[in-house]
Amino acid sequence: MNKTLGTGSVDRSARVRRIKRVIICLIIVAILLPSILCIILFAKLGKLEKQITELSYQKEIVNVVTETTRVNEPNKSDRKDDTEVLDIKKEENVEELDKVESEQTEQNDNAEISIDDEGLLGSVLIGKDEPATPLKLKRVYLTFDDGPSSNTPKILDILKEYNVKATFFVVGRLSDTTTPMYQRIVDEGHAIGMHSYTHKYGEIYANTDAFVYDLERIQSLIYEQTGVLSKIYRFPGGSSNTVSRTDISLLSDELAKRDIRYYDWNVVSGDASATYGIPKDEIVKNCTIKVIGLDDEEAIILMHDLPEKATTVEALPEIIEYYQNLGVEILPINDNTNEMHQK
Ligand code: ZN
């Protein structure tokens, strides 16, 4: 009897051990399988992202070639068509913008891209056989929006290296790394402009009072940090933005009352068209070759000073060298700079 019981308990404990092993194996598989799948999927995702970047870059090149060809054609109606085809991004859901600060910047930046690209291409883009367009461009203004950020020191270092002065349209961003940047911008001879305190469309553009409140906040912050009473402004999203709930002319009247000038841009670097910027070479192209065909004597170039815009920083030396080699002046916005408005 005891023997039988003993054998039975041995069998049972062997069964229990087997079941335990099976359970452990199942748990391991249940953990490992999803992990392996995740790793595989992430790897694929990375690959796809790379392909997308590559493809969008190639698409841009194709567009440039196409536009260049059209610019060269004597028939001007083709150029008109291009203008009409240009996609002007509109953001209408202001409430949603209020909620997502980071997305807001991105949306804003998309709105900022609404500038007309038509006419920016010159025959400099075209092969050697084409006659060179006489250079109309006299002055270039490099402007950096949305800072200060962790990239500001890098931008400032590059500007110092090339002995170039730029313009920083700053927002209210106080932190250990960004607070000292207001002063450094001024100390190194750059122009410091206002780009709103919060950069939140829903707040700034709610009504005139809200706009003035925000304006005074950023002006005070700059004054407290640097002793400079800034008199230059850049509307978040530009003065022709489609998100403002208040007529921009009312807001620009408020600026005028305070003797503040505002500046849009006539050249976009394109660094806002993707969250982490666009490839460096594209930024260089947008800020140099495309600008040469401009009909204006002045180019105000829109760039962004944000942590995720690393390629903007990478592109900067080449952009500066390009204009220095051409003998075109690079200047900060000052009292003599003509106001540039999109409408
Ligand atoms: Zn901005």
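In which loop is the place of Asp-259? In this predicted model, Asp-259 lies in the loop between H9 and strand E5 (261-262), and this residue returns below together with other loop positions. The chain holds eleven helices and eight strands, and of its 343 residues 43% are buried. Among the contacts between residues at least 6 apart in sequence, 81% join residues at least 24 apart.

**Strand E1 and its partners**

- Strand E1 covers residues 139-145, and six of its seven residues are buried, so this strand is largely enclosed by the rest of the structure.
- With strand E7 (residues 298-304), E1 runs parallel and is joined by seven bridges, and in this pairing Arg-139 stands opposite Glu-298 of E7.
- E1 is also joined to strand E8 (residues 329-330), again in the parallel sense, by two bridges, and here Arg-139 stands opposite Glu-329 of E8.
- A further parallel pairing links E1 with E2 over three bridges; within it, Thr-143 has Thr-167 of E2 as its bridge partner, while Phe-144 stands opposite Phe-168 of E2.

**Strand E2 and the crossovers**

- In a regular strand, side chains alternate between the two faces of the sheet.
- In E2 (residues 167-170), Thr-167 and Phe-169 point one way whereas Phe-168 and Val-170 point the other way, and all of these residues are buried.
- E2 is joined to strand E3 (residues 191-194) by four bridges, and the two strands run parallel; in this pairing Thr-167, which is also the bridge partner of Thr-143, stands opposite Ala-191 of E3.
- From E2 the chain crosses through helix H6 (residues 179-187) to reach E3, in a β-α-β crossover that is right-handed.
- A right-handed β-α-β unit is likewise formed by E1, helix H5 (residues 152-161) and E2.

- The axes of H5 and helix H11 (residues 310-326) come within 10 Å of each other and cross at roughly 15°.
- Because angles under 35 degrees count as roughly parallel, H5 and H11 are described as roughly parallel to each other.
- H5 passes H11 in a right-handed crossing, and the contact between them is made by Lys-154, Ile-155, Ile-158 and Leu-159 on the H5 side and by Val-313, Leu-316, Pro-317 and Ile-320 on the H11 side.
- Helix H10 (residues 280-287) has six of its eight residues buried, so this helix is largely enclosed by the rest of the structure.
- The buried residues of H10 are Glu-282, Ile-283, Val-284, Lys-285, Asn-286 and Cys-287.

**The loop between E1 and H5**

- Asp-146 is found in the loop between E1 and H5, where this residue has a positive phi of about 80° although it is not a glycine.
- The relative accessibility of Asp-146 is 1%, and Asp-146 therefore counts as buried, since the cut-off for that term is under 20% relative accessible area.
- Pro-148 is found in the loop between E1 and H5 as well, and the peptide bond leading from Gly-147 to Pro-148 is cis, with omega near -5°.

- Although Asp-247 and Tyr-205 are 42 residues apart in sequence, their C-alpha atoms are 8.7 Å apart in space.
- Asp-259, in the loop between H9 and E5, has a positive phi of about 65° although it is not a glycine.
- With a relative accessible area of 58%, Asp-259 is exposed, because that term applies to values over 50%.

Notes: Residues are numbered from 1 along each chain as its sequence is written. This is a predicted model: local features need pLDDT of at least 70, side-chain atom pairs count only at pLDDT 80 or more; totals for chains, interfaces and linings use all residues. Side-chain values use heavy atoms; hydrogens and water are left out. Buried means under 20% relative accessible area, exposed over 50%, partly exposed in between (1.4 Å probe, protein chains only). Two strands pair if DSSP finds at least two bridges between them. A crossover is right-handed if, with the strands pointing away from the viewer, the path from the first strand over the helix to the second runs clockwise. Axes are lines fitted to C-alpha atoms, for helices over the stretch in contact, and angles run from 0 to 180 degrees between N-to-C directions. Angles under 35 degrees count as roughly parallel, over 145 as roughly antiparallel, 65 to 115 as roughly perpendicular and the rest as oblique. A crossing is left-handed if the near helix is turned anticlockwise from the far one by less than a right angle, and right-handed if clockwise. Contact means heavy atoms within 4.5 Å.
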